[in-house]
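Hello,

Here is the structure I promised to pass on.

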Amino acid sequence: MASDRRHRVLTIARHEYRAAARSRILVVLLAILVIATAGSVIVAAAEYASRLADYQAYHAAAVAGGVTQIAPSPLAPLSLLRGAFEYIEIIGAVIAITLGYLTVSRERVNRTLPLLMSRPVTSGELAAGSLLGAVGVIVTLVVATMAVAVLSVGLVGHDWINVGQAGKLMLAFGVAVVYMATFYCLGAFTTASTKVATNGLMVALGIWLFVVLVLPQIGDTLDADNQIPGGLFAALGLGHDGEVQILTHFTAYETVRTSIEAASFAKHFERFAFAMTDVKERFRSLSLPDLFFQVRASIVWILIYATALPIALNHSFRNQPSIPQGET
Amino acid sequence: MITTVTSQQLLSLRRQRVFLAALSMFVAMTAAAGVLGWSSHNTIVRVYDEAVKLLAADGQPTPPNPFLLKPELSLLSNMVVYVPLLGALLALLLGHLSLTDDESTGLGRLIFSRRVSRTGYAVGKIAAAAIALSVIVLVAMAVSVVSLMVVNQRIPPISVLGRLGLFYSMSWLYLMLFALVGMAAALLNRRRSLALLSAMGAWLVITFAIPQFTSALRPTSSLNPIADPVGSSQRFFQITALARPISIAEQYKAASGQILSTAAPEPGWQTALRVVPLMVFVGLLVAAVVILVRRHDFSRSGNGE
């Protein structure tokens, strides 16, 4: 019984994967993502290569001069992937929503949904199979992006990442898969919940716009230090200690600001990915358990979103009309 | 003929729930830009007060008033971000709906079974988009004026209103570009979803990919009205910077910074030059939409997705 169930889910997953691979629009969006990612990493790597050469020249001169205490390199090759993660955050989410939209609209347009529902397949199996197939597509996409990014760092930046860095990178890309799978569920959920599939797509894109672009933007611009060019505290002649002291009077304000940011799923993905890829200097010296501790709130939020949306997807598939209604 | 198509399209847009939802979102975000400006104003006042106390306790001189560093219209600096994000997507949707509705309902087939000029039809659709966007921009401007009055406790002077008018006129032109992209994508793709997503692909490239290529602006930098300065010491950027004048999103932001006085001043002719590529692209897209409508096969409308 369980093996039959597994067989049905895997069959649907294979169907989902093959259909997605044949979609022209997905190929176009994927091309935009890979080209933009490669472009961003190559650009950052080119600058990195020149800074690395400067450091190596300094290091060689210091060694030749008999200097015993040489400053460690301030460079972090993983941080070159910042642009790659930002593109996954923005374009990757659009791709995932499109994938979700196509899952539902494809069956409606082809009039195959009634046929599918006439077979001994439950809505839960349909949802699980579709999600599994979509995760397969997303993993392929993320692996392709990761390969392009890592090769760009090595070939253009002349600095290959080590095993420890590769482990952290895998974690960041693993969360990228969860992030995109969640947006896939959003796209499929809104499309399955609307009679006109394109309207569902528009609703999902509206939510994407708000969660990925607007909420982080609001949180960022409300930051007290971002109020004037060059920083408000610097303009007032205050250092870090003065800033911390003054911000103690803004506890409620900061709570509201961070809550706005916390409402954005994209911001949590960004925090986790940036912590794993050494984008923030303060995280570079931390061990993996310490890094997890630092971003624990983001991990919890990611898990909440990643659990809630597949449940909603299952619910919407169960209530989806088996006969196509209205315009698709 | 043009008037009939225009008025029918405007009526149709008014009845579109998805369009009205997107419009409400844009107006709400315009109001939010005002609230954020007000919040920013209050934060600066409170931080300044606390800084004065802190520095006085340490026996240090009073710092300069930060409002001298913050121009009056910087209150609305978030609009420079919301127009290319929310406004452009709203405009894409408007352009998309203008043509796909006639396709999916079969209206296109019906219209062209009569003696109707295709050029007149295209011009009518473009005029409807232009009028709808004018209304949206006027509403946004009214909301901005109210925000300025509430925060500054006075009616904005004529010079400020003039700058605001100039900013929203340029924003209208920017939005027209995306409405035309939405129309062109709808005419080039048979399927509605493909049309919408390819128009969005164009938006992603214009808003995020090109600025990264020409100025090394990371995607999230595009979300902040105060952008990090970009170094041009690298040979790569010295070359790609040559394409910066045609990076529409960057030129729009730079010109907005000048009009709202939130950026370091530059000669007026330089700001005017920034708008030229935008005008050229809009002109080219108008011509493209007219040509595409003339060549489009409306006999299949009502059969597609």
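The search turned up two cavities of 30 Å³ or more. By cavity I mean a set of points, on a 1 Å grid over the protein atoms alone, where a 1.4 Å probe fits but cannot get out; points are joined across faces, edges and corners, and a volume is the space filled by probe spheres set on them.

Please keep in mind that this is a predicted model: local features need pLDDT of at least 70, side-chain atom pairs count only at pLDDT 80 or more, and totals for chains, interfaces and linings use all residues. Residues are numbered from 1 along each chain as its sequence is written, chains are lettered from A in the order in which they are written, and side-chain values use heavy atoms, without hydrogens and water.

The second largest cavity holds about 40 Å³ of space. Its lining (residues with an atom within 4 Å of a point) is made up of B:M170, B:I248, B:Q251, B:Y252, B:A255, B:R274, B:V275 and B:L278. Helix 9 (248-259) of chain B contributes the most, with four residues, and helix 10 (268-295) of chain B supplies at least two. Helices here are DSSP runs of H or I, at least four residues, numbered from the N terminus.

Over in chain A, A:V104 sits in helix 3 (residues 82-109). A:V104 has a relative accessible area of 4%, so it counts as buried (under 20%, 1.4 Å probe, protein chains only). Leaving out residues up to four places away in sequence, A:V104 touches A:A188, A:T191, A:A192, A:F317 and A:Q320, with contact meaning heavy atoms within 4.5 Å.

Best wishes

Note on methods. On a 1 Å grid over the protein atoms alone, a cavity is a set of points where a 1.4 Å probe fits but cannot get out, and a pocket is an open set with protein on both sides within 12 Å along at least five of seven lines; lining residues have an atom within 4 Å of a point. Buried means under 20% relative accessible area, exposed over 50%, partly exposed in between (1.4 Å probe, protein chains only).
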